[in-house]
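User: I am new to this structure and would like to learn how to read its features. May we begin with a single residue and work outwards?

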Amino acid sequence: MKSPKIISGSPSPKTRAKIALVEDQPEVSKNWSHLINSFPDFNCVWTCISGEEALRELPAVKPDIILMDIFLPRMSGIECTSRLKALLPDTQIIILTAMNDRELVYLALEAGADGYLLKRTKPADLRQALLEALAGGAPMTSEIARRVIESFRRKAKSPGEAVGLSAREEEILVLLSKGYSNKLIADQLGLSYDTVSSHLKRVYQKLHVNSRTEAVIRYLASRSPADARPL
Amino acid sequence: MMWFHLQRAFRFSPRKVCGRRWRDHLRLAGLAIILSLSPNSNLINSALAADAPAAGDRDDLSRYHLAKVPPGATNGLGFWIWTDKTFDRQTCRLWKEFDIPTGTKVTSARMRMTVDNGYQFFLDGRELGQGADWYALTEYDLTLLLPPGHHVLAVNAFNDFFQAGLIMDLRVELGDGRTLDIKSDKSWRVVPEYERGWEELKHSRADWLPAQTITGTNRASFWNDPHWPFDFVSVPRFYPLVIPFWQTGWFHLLLASVFGLVFLVCIGLFVQLAIKSKEQHLLHLERARIARDIHDDVGTRLTKLVLQGEVAQGTQPTNSTARQQLDMMCEGLRGVLGAMDEMLWAVNPRHDTLENFIAYICDYAQTFLQNSKIQCLLDVESDLPPVNFDLPLRRSLLLVVKEALNNAAKHSDANQLLLKIHRNGHKLVVIVEDNGRGFDVNQPRRDRNGLPNLFQRMREAGGECKIVTRPGGGCRVEFSISLKRHSARSWFSNRTRPPKQQAHFIDGTASPSDAAETDKSMP
């Protein structure tokens with residue numbers, strides 16, 4: 001089902017970025033891979049139908065970008081993201097959702113996802129998002145920026161292993177939460193666009209680290225005191 | 001036994017109130033138990049022997065006591081009476097009813113009485129005294145307790161052992177000179193043991209046997225002693241009971257019914273509350289289910305269709321009609337999914353919080369203005385209270401904010417818009433402010449039909465809407481709604497008052513104070 005357009009004017013598959021799909025519904029998976037393959041710069045190299053399968057197979061595939069459905073049988077897309085990120089730190093993981101559920105999206109970002117896309121995104125926008133991801137962009141909306149600030153402030157109140165934000169990072173987040181675009185922020189702070197992006201990227205990493213720390217603490221707390229003592 | 005007698009006799013102070021009655025019952029019961037539980041007890045026998053004068057020392061005793069006994073103490077006394085049988089440790093209830101004639105006053109009523117071996121007596125159901133023993137006579141002054149009418153004298157008499165009997169006389173002198181003499185005789189009745197509350201009965205029953213006078217050999221020899229009684233006690237005058245209103249039956253009834261009513265009302269409120277919270281809970285469950293269904297079923301399927309449509313487009317030649325139609329279909333489906341996103345947000349009870357609402361409208365405003373030339377800035381107060389923000393309220397507020405954004409995007413020609421959310425006292429204030437061309441409120445244009453809607457909606461939600469604008473001076477739409485009243489309203493939602501009309505349309509050029517407000521420039 002490859003479109004003739006790709007065969008004619010696109011670079012060879014070797015130079016194309018490798019995309020993997022984790023999606024339990026075969027039709028959706030088929031259509032997505034078709035759309036991705038129709039872009040000249042991307043190639044859908046692997047599809048998995050469950051999180052378990054993805055954890056087993058994708059580390060060997062080493063895709064550039066993983067598109068992860070959030071609702072998967074058994075292991076959720078969020079959990080799978082968290083584990084895959086540990087195995088493939090350089091791979092961009094983008095969460096796919098059918099409906100725009102902000103809570104889930106935030107959880108996914110906390111778990112280590114690098115972005116999210118609605119499944120109904122227009123092909124052109126999808127390509128743009130994939131290109132940005134490939135360039136290492138860390139898109140962040142005002143709402144997420146505000147939640148990230150709150151999350152870090154909450155953690156700052158309870159001293160622990162939580163990683164804090166640098167002054168610059170916080171500055172960028174505050175401006176983001178007020179509706180400023182990355183470009184405006186760069187202008188305002190006298191930084192380059194890429195610097196702002198890399199700051200945001202680091203924020204995501206810290207968020208991920210903190211959420212993992214939190215998860216470990218939660219896990220320890222749930223065990224009985226007798227079990228916890230040897231640690 | 002003398003001490004006991006005196007103690008009993010004087011314990012009844014003239015103003016004895018009801019409260020003491022039960023205590024005295026107990027005390028008497030205690031006495032009866034002691035008497036009956038000590039069979040042939042040496043202690044009691046010797047005590048009685050000491051009190052009841054033996055033949056040898058009776059004269060000394062008499063001489064000693066006679067000093068206190070007034071002359072004529074036994075004048076007019078009736079017979080010794082008892083029931084037809086006499087045995088040791090016996091209780092005998094004796095009863096006499098009589099009438100004081102109407103139309104006259106009792107000037108004096110004195111009763112002398114004794115029982116071998118002890119008694120407790122009631123007048124019209126009121127316990128007046130207890131006494132022991134046969135050798136002493138007690139005088140009671142009942143003058144104030146005998147108004148004209150029907151009266152009942154009830155005596156609970158005890159025999160310890162050997163002979164038993166009651167002897168008394170009630171002498172009533174009337175204002176018109178007549179004298180009434182009620183004595184112990186055969187007109188007294190014996191109340192059977194099974195009768196309950198007998199001392200308070202107003203009339204005797206037909207099956208009550210008459211009392212028997214004790215004559216002949218049945219009489220105790222010492223009753224005949226010419227020196228009897230050996231002691232005489234005069235109890236101070238009795239006064240009618242003054243029952244304070246808080247001790248009356250009707251007051252107790254009233255109090256009980258008031259408490260009962262309060263209790264019932266409380267129960268009612270609790271039940272109502274329980275039902276309401278149960279309803280609320282069910283509603284939440286139902287809303288969560290609908291949200292899940294929209295998401296899992298409709299949302300997922302429509303998404304699949306969009307994808308399929310996109311893929312199908314790719315198979316059609318560029319600029320073909322089929323391709324254009326498929327594109328329109330996909331766009332339409334995206335619109336439906338977008339609307340469903342909104343419904344999903346509204347219906348999900350997880351989002352019934354102020355924080356969630358604010359996050360939503362900020363995100364909405366940014367997405368809405370994303371592809372316009374208006375830059376959307378946000379100013380949200382941190383530390384807003386974590387209050388509940390229920391569906392009707394957030395829907396109304398969302399609609400008015402959307403309308404304001406829509407107006408700004410369509411008509412303002414602005415390049416910046418500020419969405420400001422903060423708290424003012426207990427009010428939540430949402431401001432949509434643009435730096436566009438503004439308008440003259442006195443000349444509303446046809447295409448601004450949305451404005452009256454804003455006022456209408458905010459009124460219905462119990463809030464306020466204020467618009468500050470002037471030509472060339474931008475436009476500021478301010479919505480405010482009480483957070484406090486809202487939480488109170490959710491409790492008493494069925495008795496809300498109609499909200500006051502509080503919509504203001506302020507012309508920026510109208511007055512200096514308004515102008516000052518309008519002059520606030522955009523950041």
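Analyst: The model is a predicted one. A residue is called buried when 20 or more other C-beta atoms lie within 10 Å of its own. A:Gln92 has 24 other C-beta atoms within 10 Å, and it is therefore buried.

User: Where in chain A is A:Gln92 placed, and which residues is it in contact with beyond its neighbours within four places in sequence?

Analyst: A:Gln92 belongs to strand 4 of chain A, which covers residues 92-97. With the neighbours within four places in sequence set aside, its contacts are A:Asp64, A:Ile65, A:Asp114 and A:Ala133. Separation in sequence and distance in space can be read side by side: A:Gln92 and A:Ala135 are 43 residues apart in sequence, and their C-alpha atoms are 10.0 Å apart.

User: What do burial and contacts look like over chain A as a whole?

Analyst: Of its 231 residues, 42% count as buried. Among the contacts in chain A between residues at least 6 apart in sequence, 63% join residues at least 24 apart. Chain A contains 11 helices and five strands.

User: What is the strand order in the sheet of chain A, and is the pairing parallel or antiparallel?

Analyst: In chain A, five strands form an open sheet in the order 2-1-3-4-5, and the pairing is parallel. Strand 2 (42-48) and strand 5 (115-118) of chain A are the edge strands, each pairing on one side only. From one strand to the next, the twist averages 25°.

User: How many bridges join strand 1 to strand 3 of chain A?

Analyst: Strand 1 (residues 17-22) and strand 3 (residues 65-69) of chain A run parallel and are joined by four bridges. A:Leu21 stands opposite A:Leu67 in strand 3 of chain A.

User: Which helices of chain A lie against these strands?

Analyst: Helix 2 of chain A packs on the sheet and touches strand 1, strand 2 and strand 3 of chain A; the direction of this helix makes about 160° with that of strand 2 of chain A. Helix 3 (residues 51-61) of chain A lies across strand 1, strand 2 and strand 3 of chain A, at about 135° to strand 2 of chain A.

User: Which residues of helix 3 of chain A are buried, and why are they on the same side?

Analyst: The buried residues of helix 3 of chain A include A:Gly51, A:Ala54 and A:Leu58. They cover an arc of only 35° around the axis, so they fall on the same side of helix 3 of chain A. The buried residues of this helix pack against strand 1, strand 2, strand 3 and helix 4 (77-87) of chain A. The face turned away from the buried side carries the exposed residues A:Arg56 and A:Ala60. Just after helix 3 of chain A, A:Lys62 takes a positive phi of about 50°.

User: Let us turn to chain B. What is the strand order in its open sheet of six strands?

Analyst: The order is 5-4-7-2-10-11, with antiparallel pairing. Strand 5 (126-131) and strand 11 (209-210) of chain B each have a single partner strand, so one side of each is left without a neighbour in the sheet. Strand 4 (residues 118-123) and strand 7 (residues 149-159) of chain B run antiparallel and are joined by six bridges. The bridge partner of B:Tyr119 in strand 7 of chain B is B:Ala157.

User: Which residues form the covered face of strand 13 of chain B?

Analyst: In strand 13 (residues 231-235) of chain B, the covered face consists of B:Asp231, B:Val233 and B:Val235, while B:Phe232 and B:Ser234 form the uncovered one. Five bridges join this strand to strand 6 (residues 136-141) of chain B, and the two run parallel. B:Leu137 stands opposite B:Phe232.

User: How many residues does each chain give to the contact between them?

Analyst: The contact takes 21 residues from chain A and 24 residues from chain B. On the side of chain A that touches chain B, the largest share, six residues, comes from helix 2 of chain A. The residues of that side divide into six nonpolar, nine polar and six charged.

User: How do helix 2 of chain A and helix 5 of chain B cross?

Analyst: The axes of helix 2 (residues 26-37) of chain A and helix 5 (residues 249-315) of chain B come within 9 Å and cross at roughly 35°. The crossing is left-handed. Among the residues that meet there are A:Trp32 and A:Leu35 in helix 2 of chain A, and B:Leu307 and B:Val311 in helix 5 of chain B. By class, this contact has five nonpolar, three polar and three charged residues.

Definitions and conventions: Residues numbered from 1 in each chain as written. Chains lettered and ligands numbered in written order. Predicted model: local features only at pLDDT ≥ 70, side-chain atom pairs only at ≥ 80, totals over all residues. Axes fitted to C-alpha atoms, helices over the stretch in contact; angles between N-to-C directions. Left-handed = near helix turned anticlockwise from the far one by under 90°. Contact = placed C-beta atoms within 7 Å. Nonpolar A, V, L, I, M, F, W, Y, C, P; charged D, E, K, R; others polar. Buried ≥ 20, exposed ≤ 12 C-beta atoms within 10 Å, placed from the backbone. Pairing = 2+ DSSP bridges. Arc of directions from axis to C-beta.
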